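Here are my notes on this one, kept brief. Have the coordinates open while you read.

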Amino acid sequence: MIIEALIAVTFLAALVVFVAPDEYAGRLAAALSALPILGSLWMWAQYDASGNALLGGSIAFETDVVWLTLGGLDLHWFVGVDGISLPLIVLTTILSTLAIVSAWTPITDRESQFYGLMLFMEANLLGVFTALDFFAWFVFWEAVLVPMYFLIGVWGGPNRRYAAIKFFVYTNVASLVMFIGFIALVFGLGDSVSSMRLPEIAQALRAGELGAFAGLDAATLKTVAFVAMFLGFAVKVPVAPLHTWLPDAHVEAPTPVSVMLAGVLLKMGTYALLRFNFTMMPDVATALVVPIAGVAVISVIYGAMLALAQQDLKRIVAYSSVSSMGYVILGLVAYTTYGVGGATFQMIAHGLISGLMFMAVGVIYNTTHTRMVGDMSGIADRMPLTAGIFVAGAFGYMGLPLMAGFAGEFFIFKGSFESTVHAGMPLFTAAAMFGIVIVAGYLLFAMQRTLFGPFSFDGEYEITNAPFHDVAPLAVLLLLTIVLGVAPDLFFGMIQDAVNPILTGGGL
Amino acid sequence: MAGILDFAPAIVLLPFVSFLVALAVGDRLPKGGAYAGIAATAGSLVLSIATVLTVAGGQTYDATIYTWAEGLEAVDLTFGVLIDPLSAMMLLIVTLVAFLVHVFSLGYMNDEGETGLPRYYAGLGLFTASMLGFVVADNLLMAFMFFELVGLCSYLLIGFHFREPGPPSAAKKAFLVTRFGDYFFLVGVVAVFATFGTASFVGSESFPALAEAALRGEASVTTFGFAPQTWFTIVGLLVLGGVIGKSAQFPLHTWLPDAMEGPTPVSALIHAATMVAAGVYLVARMYGFYAVSPTALAIIAFVGGFTALFAATMGLVKREIKQVLAYSTISQYGYMMLALGGGGYVAATFHLMTHAFFKALLFLGAGSVIIAMHHNENMWDMGGLKDKMPVTYYTFLSGSLALAGIFPFAGFWSKDEVLYETLLHGLDGNPILLGAYAMGLLAVFFTGFYTFRMVFLTFHGKPRTQTAEDPHGVRWNVKFPLAVLGVLAAVAGLVNMVPVAELTGLHIEFLHTWLEHGYAGLTTEHYSTLLQDFAGYGAAGLHLSPLLPGAVSLGLALAGSGLAYLLYNVPEPVRHTDRLGGIKKVLYNNYYQDEYQVWLANGVTRPVARAANKFDGGVVDGVVNGVSGVSLFAGGRVRRIQTGVVSNYAVLLTLGLTALLLAFGILGGWFV
Amino acid sequence: MVPPEYYLLLSAAVFCIGLFGILTRRNALLFLMSVELLLNAANINLVAFSFVWGNVTGQTFGLFVMALAAAEVAIGIGIILVLYRNFDSVDVTEATTMRW
Amino acid sequence: MFDAIALQTEPVAAWTALAPALLLGLTGLVLLGIDTVSPKETSNTLLAGVSAAGSLLAFGVAAWFLVAGTGQVRTGGAISLYGDTLVVDGMSLFFTLIFTIVTAMVAVASYDYLREQSHRAEFYSLVLFAATGMTMMSMANSLATVFISLELASLPSYALVAFLKKNRGSVEAGLKYFLIGSVSSGVMVFGISLVYAVTGSLVLGDVAAAIGDTEMAGVLGMGVLMIVGGVAYKTASVPFHFWAPEAYEGAPAPISAFLSSASKAAGFAVAFRVFVEAFPLGAIPAGVDWVLAFQVLAVVTMTLGNFAAATQENVKRMLAYSSIGHAGYALIGLAALTAGGPNASVLGASMAHLLVYGFMNTGAFLFIALVEHWGVGRTFEDYNGLASTAPIAAVAMTVFMFSLAGLPPFGGFLSKYALFFSAIEAGFWWLAAVGAINSALSLFYYSRVVKAMWIESPAEDFEITSRPVGLYAAVLFAGLATLLLLPAFGPVIETAQAVAAALF
């Protein structure tokens, strides 16, 4: 019941905050959002399950009741966690609180609505990462869009209307495509499944019980469904060339929302890819390894090149997210312990680091009211602490050893280089790895131009050290990044444990 | 197990603690945390000496101290400490130089009233710790991780004066160029894991051992469809990428001269003992892996020889004292690479050691000169300083003699052995080595020239500026390190006097004996067998007396120095290098190396990025917006059907019905 | 006796005439009358085939249709009346304030 | 379980199964009675109250019957009345629920909407008579009763649309609605006559029995297609949809709600019964492929509706087009039928969608009524910043919009996805795909309303003084229902599919 409690508490918190007066909505939201953190940490401490939730492993904190019946299939309220979802839950709760705190400065109107929506989004995210029944999961998956639409649309920058609707419609189309693909798959399984519970479907698919459906023979149906679902999730990740909603959304969104968007929402895509495509249909995934690894490499390099061309700090970080998530795809398709496990770890690592970077950019923006590289120089002179953390975060983003980013990336590189799914994997890996040079390039250029050199700033704002509650979240994130970088086993153990079952059987 | 070696991790941790202290409370400590750093490095130094002594006693140490990532049904990734003669010697060098640099910094930074000292000492501490961690690393992954941390520290320290335009840019360049090399290194690490399933340096399960076994057909490893030796060569060269970057070998040497933007003690640390040495040390550390691949060896040797000459020529015409030293550094590390490639494992280590001493000395000496000259580095503004600052002068002189390779100073012995080994193996019928040797030999002449051009311009003749008339004095904290190093630069060579041994028959090549100890797979004998079996070095078994080659190189060194003496040891030296004309311009601009690399970065990459950005905005996003645009346009057209005139509705309704009727009529065949 | 196809043709003809009227007449009343033609075309079928099949279902339904036609006209006239009040004409193409 | 069994075992009491319809009709008469007793000072409250009470009572009875099992398989199947021309079964009761609840909401909302109007009694009674007609439609088991009940539903609607006699828009809407309606009913009745010509019967069962061995497939086909036309008119589907945009835009907003929710549902009720009972897929001659016809109509209708809605400036008209689009979705219920396929779940999904649609769409139109009541303009721009002055109502409207767009956590999400789900189940994944594309587009224009209310800032301050109780009550009730239909969707879809199964 802990999971239900977690989600319910967060929903209630959202309601409470929504009706709370604006003056202390922010403080209240932060305080209330501490509860989910405690809950998730308690789960982490109590976690005793092993194996992959979808492939017969034991499921922690499980609940399973029938919700309704549709087309002869039971839809369950079926939630639980395993080594893949638990780290993401911890990430979600922690990042949400930090994002809320980081919102105290920039968000100045309709606060109660803002924080209410943030908590509402957190609740749905928790649902996404815990639900193990397709329909329940899909409800949360779609429900995340609603608060995000408002958060971008109401509190966003000048071009927020366009960004919000683009995000809204683009990702919604993706979900529909994915939905059709998955449902076709379910009916292709025919009587071998009696419900929409993901474990049932995953095991049936890996057992090769898929039959012909709607005029498509089993093999074709499987491939078509795989592609449809991959496209659907790829938009969320986002994988180039389906990424164009992201920069707009990030640039327009207020900092805390960017943090959640980059830190958690993108992980929904990779999490779903892992849970659905790569867990359920490894045979198709390995058959399509070349295109998949191809788009992964393209995302890495192309995204990094785009970041290199940006002048807006936030756009730089936004595009670099595209780049970093490309690594995750590469790791997933490798089908090795380090590859898939590293991809999962990289979700957490990138969640922390991109959150850190967006917050740092936000703190700079709060003081300077500009994000343009050309508008400022040498601000490390006036806000050394922020600059210092910015530098640390940037090096984390470049994959500095003993920070979480390096762990994730190295695991992925190791795993995909030694992968046997395709003879070309070492080449794909080497190509993708060049991203670490480009990322260093654009981040170093950006820092040199903005933080260092003689101080100059053409704006009427007084540039001083940021308030404590702006910098504190940064420090926390930096600390977490280093802790995870020094001791990746905090999560990596349970991740591997949950990932390994995926790597055997199922036509591999 | 010997107690003292169990404290080896402390050697690494002490400076790290000083980093934390300086970072946390440095601004509340006297001297901005300097004492913490000095104490820590002193402690490390003592421990290192103890370590060396223990190792001399024949003990070694290899233990996994931390499992970084425990693999489930996969390999573990661990941190371990490996203490053998090589790492012990390197520990000594690093801690000694680091300690002296900390002391010197009191004079160079504190006394000069620099701001941000906690940041500076934190940087130094972390830098030392990272380097020591790299030195004791017992596997390639750990080595890489600390290698990267070293890079980070170099970024932080070179960019210490971040308020000026120059340093941040230099720091960025240093990190970026080395990062480019590290990219290949990382690919190499991953490849090593994929090939051998382990990355440890030592033991029968270490990857060099496995490589050897594989070539001897005693083990099988994944070679991705290549012949084992070919694949090992590829992997070795990938790792070498990182070496070339960090050790500033051609073509990735360009960052180093710019790195002179950093505070001079930092330059000393970087060039003498830490960052740049890391590359060469890495090759020595995994020498067993390179020894099995003649191609890799040849490439290493050739790159080294070429770099030695190439950098030396650039050093000829520089105006700033630190620039000369920078190019000399590149050149000297070229020698070490040459030695490694040429099979002179001991020679390389030897030169690594002597160079550490005399180059640290030269940089610190330059630092003290710069203090005296109120941070003016232009040699043409100096002159006649030898009377005003004798300590600096004589120590600097000792260092210069060592650098130029003049008998009996340290540099002579090591450089001489480098060239000797290379020649020896070259004569086995290895033309590439001979070519590399020729370049190395030629570089000796230039080295002598630029070294003494520097000395004479700086210290001899008449003072050419007001500041040179009465220079700013320096205190004990500057003189003490100079003194220590000055002595070492003079005598360090005595530990390995191969030619003398040759003459007298005495066994006084201590370094050889020193490096014959330790783990079976990491000794000089083992390496020479490997070289003989796989690279054919020494296969012919011909003997060559070291005397003649020694004499030749010494002669060249003297010639170079002598020419410098003739030209520059005069009261009013003139810019003789102007006679070189166009060549000088080329040399002065470093063969336009920077230009083309900057062009690659800004002239090629950025336009490509901009093009990609245009493409992204225009095509990729254009499609997205196009779809919505088309839909809305279609919607705008569709609604036009609704004309508002009810008669039209009736018409359309009828037409629609009729269409349906006809379509289905024909489909269903009603009209037959 | 008359074969049933003829009834179908007749009713179809009447239906088409009604439809033609609907498409061509702009006067609301004429439009209404044309609609009546449609209904009567249906009645023809109903009555005729009631005779053919020999049951009275069709005829009964025919009566219902007439009744409904009357009711429809009643409503229709009312609407046309307010149309005239508001648009000063009974031309159905006049009322086009709402479109697209 | 009460005496639901008794209801049908004792023939004398069989007519009591008509209770919902009778209650609605009686309420209408009572209203007229009240008006005749005191023509001058009839209290609006009384009228609204009576009509609301009557329809709610009917709702209650229908719900009770549904729960008790009246006319359902578990109690011996459909109750057939008057020579099998009317049947009371699960489906009719299910649809009755939709009609009655919508009627109740409309009645409550009209309390405020009609405050300045005269002839209120007529208004309410017309609404109730129309509702009666719709209930009859859901029970009609003979083409004759189908046509009569359809007219009984239509004729009051014409008058209601044109109710605002001084308002050109209302009158124009009435005219167009009436003219197209009369033409369509002419077409439909002619179709019926053709079917009669072929089969010699009007009772659906007998028709089904007779079509098997006919040599006049062509005539039958024309007849069937013309009945399709009649249905298409009632459900506002292409090509008989032309009346809808104007009628919904011009009519008093509560009536727009009534027509677009209840009347549309009634059309589907008729369609489901007629085509499943009278022209079963097994027995129908090869040439007469009405499923294909509905597939064409479904695709064209949803596409046209959504595309046209995407570029409207007037919110009410946008809703009108969106309601055409939703007719397209619901048509999937007929378009995805296959001989021996999962027809029950397809049909049931469509019914469930109509129920949810009944709440969310009614609510949306009633919100428009509220805004008209405030005298705020009708375009998107006029809605700018509405949330700041009327947050509660704005929240409700947001719920309706997102639910119509098919976003969680609202009923519309599950009903729409249940529809696509069953379409794919029946193997018509392409229908689902078209639906998906359309709903993506619909997300765009629905969110325009939300954007206007929440994101845009008002041009000038509204002077919103009143907080009309009735409208608020109705809107909030609809909003709450839309929200609760997500968790409570289980019983809805299961009932719908169970009663749909009884048809096959």
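1. A bit of bookkeeping before the helix talk: helices (H or I, at least four residues) and strands (E, at least two) are DSSP runs, numbered from the N terminus. The expected span of a helix is 1.5 Å times one less than its number of residues. This is a predicted model, where local features need pLDDT of at least 70 and side-chain atom pairs count only at pLDDT 80 or more, while totals for chains, interfaces and linings use all residues. Residues are numbered from 1 along each chain as its sequence is written, and chains are lettered from A and ligands numbered from 1 in the order in which they are written.

2. On to α17(A): its 14 residues reach 20 Å from first C-alpha to last, close to the 20 Å expected at 1.5 Å a residue. It's mostly covered too, with 14 of its 14 residues buried (20 or more other C-beta atoms within 10 Å of a residue's own, C-beta atoms being placed from the backbone).

3. Next, the A–B contact, which takes 43 residues from chain A and 41 residues from chain B (in contact means C-beta atoms, placed from the backbone, within 7 Å). Elements giving two or more residues to chain A's side include α17 (404-417) and α21 (489-499). The largest share of that side, six residues, comes from α19(A).

4. Finally, chain D has 20 helices and two strands. Its C-alpha atoms fill a box of roughly 70 × 55 × 45 Å along the principal axes, and 72% of its 504 residues count as buried. Of the contacts in chain D with a separation of 6 or more, 81% are between residues 24 or more positions apart.

Conventions. Two residues are in contact if their C-beta atoms, placed from the backbone, lie within 7 Å. A residue is buried if 20 or more other C-beta atoms lie within 10 Å of its own, exposed if 12 or fewer, and partly exposed in between; C-beta atoms are placed from the backbone.
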